Amino acid sequence: MNAAGGGVLSITGLFKEYRSGEPVLKNINLEIEASGVTAIIGPSGTGKSTLIRCINRLVDPTAGHIIFRGEDLSQLKGKALREARCHIGMVFQEYNLVERLTVIENVLCGKLGRLPIWRPLLRKFSDQDITRAFDLIDSVGLSQEFASRRADALSGGQRQRVGIARALMQEPSLILADEPTSSLDPKTSVEIMELLDQVSREREVPVIVNIHNVDLARRFASRIIGMSAGQVVFDGPPDALQDTHLNEIYGGEDWQA
Ligand SMILES: Nc1ncnc2c1ncn2[C@@H]1O[C@H](COP(=O)(O)OP(=O)(O)OP(=O)(O)O)[C@@H](O)[C@H]1O
Ligand SMILES: [Mg+2]
C-alpha cells in the first residue's frame, strides 16, 4: 500500500480495440499491491500481452485509466511518458539483450532511461552505478566472472538473469514480464520464476507475469488472474484456482486429460 492507501498500480475500466468495434480487452479492473508476483494466465490471443503493453504504453488504451505512482499512464505523452516508463522494468521472453555488449554493459543499460540523452553509452557511468550493476549481477545468481562476458555467449537462463538485473538497475516500482520462461527448459523456468518471486519480496516491487504454465503460476505467484476473451474471469490466490476455473479460462475440459 502506498501513502494514498491504494496499490502501486490501479487499472479501471480498461478497454483496448486494435480495430474499431472489436475490443481485445473488455473492462479490465485491477489493483496491484506493493509486492508479490501476479501471474496472468489465459489462452493464446486472450489479451495478456495487450494488457502488459497498455501498462507500459507500447499500445494506447482505447478507454479507461491506469494509475501508476499517482499519474494516469493512459494520458501521458512525450517526456512525461518516458519518465514514467523509467519506473517500469521490463523482462522479455527473448531477453532483448544487446548481444555484442557484455553482461555488465547490458545491466547498465537499465540506467539509460535516466541519463541525459547526449551521454555516450559506456564509460560514463558513475562508480556508484557500476558497483550497483556488479551487485545486481551477483544478486540474480551470476558469478562476477560473467560481468565481462558478451551476452551472445550466455545460455537462455543466464540471459534472463541479466534481463532481470537490467530491469532492477532501473530501481523500478513495477516489473512487467511477458512470458519470461517460454524460451527456457523446465528446470531453468523454475529457477527464473523463483528469482522473480524472490526479487519481488526482497525489494518490495510488484511483478506482473504473463505465463502459459499454470503449474509455475500456482507455485510462484501469490495471486493469479485468469483471463478469457479479454476479460478477467478469475482473480485470487493459487489455492482458490480450481479445475472449474481452468475450464472457464481455457474453455472445454478435454485439454486437461
Ligand atoms: N498490433 C496488433 N494489431 C491488431 N491486432 C492485434 C495486435 N496485437 C494483438 N492483436 C490481437 O489482439 C488479440 C490479443 O492478442 P495478445 O497478443 O494480447 O494475446 P495473448 O493473450 O498475449 O496471446 P499469447 O498467449 O499467444 O501471447 C489477438 O486477437 C491478436 O490478434
Ligand atoms: Mg502474449
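Helices α5 and α6 (residues 186–202) pack at an angle of about 15 degrees, and their axes lie 10 Å apart. That makes α5 roughly parallel to α6, a label for angles under 35 degrees. Axes are lines fitted to C-alpha atoms, over the stretch in contact for helices, and angles run from 0 to 180 degrees between N-to-C directions. Helices are DSSP runs (H or I) of at least four residues, numbered from the N terminus.

This is a predicted model, where local features need pLDDT of at least 70, side-chain atom pairs count only at pLDDT 80 or more, and totals for chains, interfaces and linings use all residues. Residues are numbered from 1 along each chain as its sequence is written, ligands are numbered from 1 in the order in which they are written, and side-chain values use heavy atoms, without hydrogens or water.

Now the ligand. Residues around ligand 1 include Tyr-18, Val-24, Glu-179 and His-212; near means a heavy atom within 4 Å. Helix α1 (residues 48–55) gives the most to this shell, with three residues. The shell divides into three nonpolar, seven polar and two charged residues. Gly counts as polar here, while Tyr and Pro count as nonpolar, and Glu and Lys as charged.

| Side chain | Distance to an oxygen atom of ligand 1 |
|---|---|
| Ser-44 | 2.4 Å |
| Lys-48 | 2.7 Å |
| Ser-49 | 2.8 Å |

Taken alone, ligand 1 exposes 640 Å², and the protein buries 61% of that. These areas come from the Shrake-Rupley method with a 1.4 Å probe.

Methods: A polar contact is a pair of N or O atoms within 3.5 Å; within protein, one must be able to donate a hydrogen and the other to accept it, and residues adjacent in sequence count only if both atoms are side-chain atoms. Helices (H or I, at least four residues) and strands (E, at least two) are DSSP runs, numbered from the N terminus. Angles under 35 degrees count as roughly parallel, over 145 as roughly antiparallel, 65 to 115 as roughly perpendicular and the rest as oblique.
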